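The questions below go through one protein model, its pockets, its cores and a few points of its backbone.

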Amino acid sequence: MRNELLRWYDQTKRDLPWRRTRDPYAIWLSEIMLQQTRTETVRGYWQRFLMRFPDVQSLAAADEQEVLKLWEGLGYYSRARNLHACAKTVCAWYGGAFPHTAAELKALPGIGDYTAGAVASIAFGERVSAVDGNVERVVSRVRGIREDVGVPSVRRALRAEAEALIPADRPGDWNQAMMELGARVCLPGVPKCGECPIRTFCDACAAGDAAALPVKAKKAPQKLERRAVGIVCREGRALVLRREEGLLRGLWAFPCPEGGAEALLEYLAENGVQARIAEAAGQARHVFTHRIWEMELFLLEAGGCGSPAGWRWASAEELAALPMPAAMKKARETALENLRDTVPSDTPGTDSAPADRR
């Protein structure tokens with residue numbers, strides 16, 4: 001089975017840029033980006049990141065806001081914050097050289113079992129598994145694991161099976177071959193068993209129940225949140241705030257409390273901002289992992305007010321440069337369109353600091 005899968009991988013693997021290197025920094029960066037993100041999306045981000053931060057030292061020395069801005073659009077922003085923290089730790093603990101074992105890598109911020117196994121096996125040749133969703137699916141089908149893989153004991157058994165399959169030589173290629181198989185052939189739902197190079201070794205293929213594996217408990221439904229997004233403008237600037245906790249921490253956003261127009265005005269007033277709604281500006285929708293934001297956008301005009309602590313009045317140029325989540329894409333486009341023909345002015349009570357300063 002090992003020979004068949006590796007032969008298939010050698011002959012058909014996708015030409016991905018991070019497969020052309022054994023640099024642990026570049027491999028680690030790709031693995032963090034690939035979590036919860038499509039491969040084709042990651043290509044451009046990975047290349048831009050390496051152009052701006054060619055090594056772990058340059059990433060460690062960067063300002064977090066710049067890291068978040070470069071990450072903008074990839075989502076799951078805790079990955080970017082952990083990426084930055086991990087780079088600093090590698091420089092502080094290991095002099096800028098990544099440790100070679102999965103056990104040591106797991107001690108770093110933002111690195112779990114999968115990423116540690118992937119980096120250790122691909123960059124350093126350690127015989128250790130890297131079990132992501134693709135590999136979990138392949139192993140559960142090949143080995144006929146028909147219990148809920150979310151149960152800790154079942155998950156441990158699955159990882160043990162994955163570990164036992166790894167050859168002594170080419171462990172990194174083996175892990176990538178398993179991921180490739182899961183991404184292209186052993187698909188969720190109905191797999192392409194007729195195209196599988198190891199179908200004659202697969203328990204689920206022989207039993208005819210591959211589509212039912214892996215067994216997983218049903219996820220709780222996503223919570224629907226209705227939010228009012230306020231685009232508050234004044235003298236060529238728009239009011240934004242930096243989220244300091246919870247969802248989207250560290251990113252800039254427009255005021256967006258749960259509720260409708262009244263909730264928005266109340267929220268602004270509580271923070272010392274007196275404003276009136278000028279017009280409705282459309283709707284937007286954004287799907288997070290566990291929740292969905294249904295947003296109604298409003299353009300508002302501000303009266304006499306400064307900027308509350310942690311908030312700022314941003315010019316069009318600054319607004320474009322600030323790191324913002326994808327959920328705010330339409331709101332930012334609307335704000336920029338509204339500010340386009342307005343000349344910014346430095347007025348008392350406004351914060352005209354550069355975009356990289358709070």
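**Backbone, strands, cores and pockets**

Q: Is Arg170 buried, partly exposed or exposed?
A: This is a predicted model, in which local features need pLDDT of at least 70 and side-chain atom pairs count only at pLDDT 80 or more, while totals for chains, interfaces and linings use all residues. Residues are numbered from 1 along each chain as its sequence is written, and side-chain values use heavy atoms, with hydrogens and water left out. Buried means under 20% relative accessible area, exposed over 50% and partly exposed in between (1.4 Å probe, protein chains only). Because its relative accessibility is 31%, Arg170 counts as partly exposed.

Q: Where is Arg170 found?
A: Arg170 has a positive phi of about 60 degrees although it is not a glycine. Helices (H or I, at least four residues) and strands (E, at least two) are DSSP runs numbered from the N terminus, and in these terms Arg170 is found in the loop between H10 and H11.

Q: Which class of exposure does Gln36 have?
A: Gln36 also is not a glycine, yet has a positive phi, of about 65 degrees. Its place is in the loop between H2 and H3. With 62% relative accessibility, Gln36 counts as exposed.

Q: Which residues lie nearest the centre of the largest pocket?
A: On a 1 Å grid over the protein atoms alone, a pocket is an open set of points with protein on both sides within 12 Å along at least five of seven lines, a cavity is a set where a 1.4 Å probe fits but cannot get out, and lining residues have an atom within 4 Å of a point. The volume of the largest pocket is about 1,400 Å³, where a volume is the space filled by probe spheres set on the points, which are joined across faces, edges and corners. Its lining takes 5 residues from H11, the element that gives the most. Of the 38 lining residues, those nearest the centre are Leu34, Gln36, Asp132, Gly133 and Asn134.

Q: Which residues are the closest to the centre of the largest cavity?
A: There are 3 cavities of 30 Å³ or more, and the largest has a volume of about 110 Å³. Among the 15 residues that line the largest cavity, the closest to its centre are Arg141, Cys186, Cys193, Cys196 and Cys202.

Q: Which residues touch the most other members of the largest nonpolar core?
A: A nonpolar core is a set of buried Ala, Val, Leu, Ile, Met, Phe, Trp, Tyr and Cys residues joined through side-chain atoms within 4.5 Å. The largest one has 98 residues, and those that touch the most other members are Trp28, Phe254 and Met328.

Q: Which residue is the bridge partner of Leu239 in E6?
A: Two strands pair if DSSP finds at least two bridges between them, and 4 bridges join strand E2 (residues 237-242) to E6, the two running antiparallel. Both faces of E6 (residues 311-314) are covered, with Trp311 and Trp313 buried on one side and Arg312 and Ala314 buried on the other. In E6, the partner of Leu239 is Trp313.
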